[in-house]
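These are my notebook entries on one structure. I wished to record how its parts are arranged.

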Amino acid sequence: MNTLKLKISPELPEMDKIARAAEFIKNGELVAFPTETVYGLGANALNPDAVKKIFQAKGRPQDNPLIVHVSSLEMAQNLVVEDINAYEIAHRLWPGPVTLIFHKRRSIPDVVTANLQTVGLRFPAHPIALRLIAASGVPIAAPSANLSGKPSPTEDWHVAEDLDGKVACIILGGKTLFGLESTIIDMTAEKPMLLRPGPVSPERLKTLLPELVISKAARAHGNYDGPPISPGMKYRHYSPDIELILVEGNPFDSFKTINEIASNSNRKVAILCSEETKELYKEKFDRVILGSRDDLYIVAANLFNALRELPNRGFKLLISETFPEKGIGFAIMNRLRKAAWKVVKD
Ligand code: TXA
Ligand code: MG
């Protein structure tokens, strides 16, 4: 397939290009597009044949449901059945990097939700995503625009690397803002339940949802091996192609363990660390500085790029220190623990 690549600046979304991309959606084709979290691989959510193409292009198991993206609260309300209180919460959190799970209406095909009676809805805060949905005139089902098992794409060339020739169109919109997937909250549980940590932190959510329960999967230390709460949780996500060892503990102590593991390996090794800790590691090792421990948004924005890029640069072993579990740091640690082949307690 010949993939049309449209370069569109998020600051100045050119409507003629958006309209071309929207034509593909209307015709049942796939369009990859930027959001404020990661790139999405979109299809008309109301067209089962179009949605099936998403699973094919990604190599995604059919039993892993997709998130449906909307460009207004009204569009969301037409897809789900909830009480006024739930919509009030949605209104306060949207648009933004939060996915809310609601009871679905029959208009959403079963292939989208992998036969679940619930659906994850997201109203993204990104000018290209919003204009694409609005111009298509339909809700857009979209998982992250990576091949299954690869880190989510945070740069347009990540998408091209995985999906060129497999999709009709890729919108190139530069680096995404947060670089981590949306926070997912199940609003259909007895109490709202955090299924996947993301850019909007539990601390912030609790001001709006005081009863919020943090699921075991969201907390997971090491591999979560209980029953999957969210269908996607049984799959190993965000994993780099090469061994990643996460060394738990405060890096100002655990750096010794990290230096030791690196010294004992005869593979080409990179250490994932921060501005504040980089000097703790021996100079002979490549140190990849994700950002400052005082600005975890930057660390989050750089993480997936590092996990994707370092294997391509010939590294055979990655060792990561931990980051503070406050704010977006809770999501960073969730992704690191999921990506790790091995978690070492310092
Ligand atoms: O930021 C994001 O959320 C990005 C952008 C493109 O919006 N999308 C994304 O989609 O990360 P995906 O498919 O890579 O991750 C969605 C997760 C999966 O783990 C899936 O199992 C879960 O959401 N999910 C979807 N619908 C669900 C439902 N009805 N109940 C429980 N979990 C659901
Ligand atoms: Mg994904």
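I began with a definition: a polar contact is a pair of N or O atoms within 3.5 Å; within protein, one atom must be able to donate a hydrogen and the other to accept it, and residues adjacent in sequence count only if both atoms are side-chain atoms. I noted that this is a predicted model, in which local features need pLDDT of at least 70, side-chain atom pairs count only at pLDDT 80 or more, and totals for chains, interfaces and linings use all residues. I also noted that residues are numbered from 1 along each chain as its sequence is written, that chains are lettered from A and ligands numbered from 1 in the order in which they are written, and that side-chain values use heavy atoms, with hydrogens and water left out.

**Entry 1: His158**

I looked up the side chain of His158 and found that it reaches the backbone nitrogen of Thr154 at 3.1 Å. His158 belongs to helix α7, residues 156-163. Helices (H or I, at least four residues) and strands (E, at least two) are DSSP runs, numbered from the N terminus. Apart from neighbours within four places in sequence, His158 is in contact (heavy atoms within 4.5 Å) with Pro153, Asn305 and Arg308.

**Entry 2: the sheet**

I then traced an open sheet of five strands, in the order β14-β13-β15-β12-β16, with parallel pairing. The edge strands, β14 (286-289) and β16 (342-345), each pair on one side only. Two strands pair if DSSP finds at least two bridges between them. Strand β12 (residues 243-248) is joined to β16 by four bridges, and β12 also pairs with β15 over four bridges in the parallel sense. Among the partners, I found Lys342 of β16 for Ile245, Lys345 of β16 for Glu248, and Leu317 of β15 opposite Glu243.

Six of the six residues of β12 are buried, so this strand is largely enclosed by the rest of the structure. Glu243, Ile245 and Val247 lie on one side, and Leu244, Leu246 and Glu248 on the other. I recalled that side chains in a regular strand alternate between the two faces of the sheet.

**Entry 3: helix α10**

I followed helix α10 (residues 251-264) across β12, β13 (269-273), β15 (317-320) and β16; α10 runs at about 155° to β12. Axes are lines fitted to C-alpha atoms, for helices over the stretch in contact, and angles run from 0 to 180 degrees between N-to-C directions. The buried residues of α10, including Phe255, Ile258 and Ile261, pack against β12, β13, β15 and β16.

**Entry 4: helix α11**

Helix α11 (residues 296-312) lies across β12, β13, β14 and β15, at about 170° to β13. I found a kink of about 30° in α11, centred on Ala306; the bend at a residue is the angle between axes fitted to the seven residues ending there and the seven starting there. Ala306 is also one of the buried residues of α11, as is Arg308. The elements covering these buried residues include α7 and α12 (329-339). Just after α11, Gly314 takes a positive phi of about 90°.

How values were computed: Buried means under 20% relative accessible area, exposed over 50%, partly exposed in between (1.4 Å probe, protein chains only).
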